[in-house]
Amino acid sequence: MAADNSRGAMFRVIVPNQHSRVTNVELFFDLVFVFAVTQVSHTLLHHFTPLGAVHVAVLFLAVWWVWVYTAWVTNWLNPELTPVRVMLFLMMLGGLVLSTTIPTAFEGRGLWFAIAYAAMQIGRTAFWLFATPRHRTAVRHNAIRILTWLSISAVLWIAGGLSEGETRLWLWIAAVTWEYVSPAARFWVPKLGFSSVEAWAVEGGHMAERCSLFVIIALGEAVVVNGATFAELEWTADNILAFVSALVGAIAMWWVYFHRGAEAGAERISKSAESGRLARLAYTYLHMPIIAGIILTAVSDELVLKHPTGHSDMRTIVSTIGGPLVFLIGTILFKHAIRGFLQLSHGIGIILLLVLWWFAADLPPLWLSVATTAIMIVVAVWESMSLGSTAEQAEEF
């Protein structure tokens, strides 16, 4: 019974050698972030300038951070219990407000974005503190540390929302930098000091699955948007090929991440004696470029679908090559964190994309998209064959 759980009445019951499953209410909560990812990609599409890219980067980092912090908390708390479910439903409300304000966060609705973000971060952490029994001193101290850091950043977010122009941007950059530095600084606060790594142990299988599901969210959003865009276009040979290239590219990304990496990550973190440290590096930080690469690729897909012919302009080149490039950089670092070596196939893919960038201006958007998709297929097939042969040799040995 929950009341007999020594970890706390609202905490998950950990069963040895058994993963905690991702619950239906967590999946329901994630639906809000389908909308958030769509808003981020559309905002970048319509503000594809250096300043617009900086704006979108800040907003993306905020969206990812509020989601991944919630994933950590629901790794500890039990979402099957009513109080935890209510907390997630309130987070969904905040997430919808946050998502709807993304396109105009640096214009008229900046204060709403800041209030929604700060309320979600502080409210969820305060609930976690409330749910932690007093005898679990280390956990309570962690909650207090995080609440302190988030309260300071909340002041910066709200101050930015009340400001305009460059002042808002710099305050929000300061806020997001403060929050991203905090785990590396182990949430040091006066008197309580640094958080210990041991206090951050997670149920590894659950954490790995949660982040894998966010990858699915980003890929699914890209496929849905591509389908909706394609349905509105005249079906010419160029548009059809562009649509197929976008779909195959998404499948290749799925294959690169899920065929070997996701399962290996889940197994590695489940067996790790320092699951908290690995979760912080591999899932909290290194999944950001993976998601960012998928979002950037989604922008490219829409640009290529609407304008497949002619010379590629700078935003088409940056998104079409930059998306897979950032994705591969994220996956090679993620797999290095869980396997301990750099994947050769990913390194070659990164080099090929950089070489392609040199010739990109001479290619039509359609063929640029086809070329990047072909590179992703090469990476996926190469990794599958190399790791497959390694597994066979290990079995024979």
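Which residues in α9 meet which residues in α11? On the α9 side they are L278, L281, A282 and Y283, and on the α11 side F334, A337 and I338, where contact means heavy atoms within 4.5 Å. Sorted by class, this contact has seven nonpolar, no polar and no charged residues. For the classes, Ala, Val, Leu, Ile, Met, Phe, Trp, Tyr, Cys and Pro count as nonpolar, Asp, Glu, Lys and Arg as charged, and the others, Gly among them, as polar.

A word on the basis of all this. The model is a predicted one, in which local features need pLDDT of at least 70 and side-chain atom pairs count only at pLDDT 80 or more, while totals for chains, interfaces and linings use all residues. Residues are numbered from 1 along each chain as its sequence is written, and side-chain values use heavy atoms, with hydrogens and water left out.

Helix α9 covers residues 275-285 and helix α11 residues 314-339; helices here are DSSP runs (H or I, at least four residues), and strands would be runs of E of at least two, numbered from the N terminus. Their axes come within 9 Å and cross at roughly 160°, with axes being lines fitted to C-alpha atoms, for helices over the stretch in contact, and angles running from 0 to 180 degrees between N-to-C directions. The two helices are therefore roughly antiparallel to each other (angles under 35 degrees count as roughly parallel, over 145 as roughly antiparallel, 65 to 115 as roughly perpendicular and the rest as oblique). The crossing of α9 past α11 is left-handed, a label used if the near helix is turned anticlockwise from the far one by less than a right angle, with right-handed if clockwise.

Helix α9 also packs with α2. Here the axes come within 11 Å and cross at roughly 150°, so α2 and α9 are roughly antiparallel to each other, and their crossing is right-handed. From α2, W64, W65, V68 and W72 take part, meeting G276, A279, R280, Y283, T284 and Y285 of α9. This contact counts seven nonpolar, two polar and one charged residues.

A further pairing joins helix α1 (residues 24-46) and helix α10 (residues 287-306), packed at an angle of about 55° with axes 9 Å apart. That makes α1 and α10 oblique to each other, and they cross in a right-handed way. V37, V40, S41, H42, L44 and L45 of α1 make the contact with I295, L296, V299, E302 and L303 of α10. Its make-up by class is eight nonpolar, two polar and one charged residues.

Then there are the rings. The structure holds 28 aromatic pairs (rings of Phe, Tyr and Trp, the last by its six-membered ring, pair if their centres lie within 6.5 Å; planes under 30 degrees apart count as stacked, over 60 as edge-to-face and the rest as tilted). One of them is the stacked pair of W65 and Y180, at 3.8 Å centre to centre and 25° between the planes. W65 sits in helix α2 (residues 50-76) and Y180 in helix α6 (residues 165-184), 115 residues apart, so the pair links distant parts of the chain. Both W65 and Y180 are buried (buried means under 20% relative accessible area, exposed over 50%, partly exposed in between, with a 1.4 Å probe and protein chains only). Another pair, Y117 with W157, is tilted, at 4.7 Å centre to centre and 50° between the planes. Y117 is buried at a relative accessible area of 1%, and W157 is buried at 0%. Ring pairs also tie W254, W255, Y257, F258, Y283 and F334 into a cluster.

R210, in helix α7 (residues 204-232), counts as buried at 1% relative accessibility. Neighbours within four places in sequence aside, R210 is in contact with V22, E26, F29, D30, W67, A71 and T74. In the loop between α6 and α7 lies R186, and F187 is in that loop too. Most residues other than glycine have a negative phi. R186, not a glycine, has a positive phi of about 55°, and F187, not a glycine either, has a positive phi of about 50°. R186 counts as partly exposed at 35% relative accessibility, whereas F187 counts as buried at 6%.
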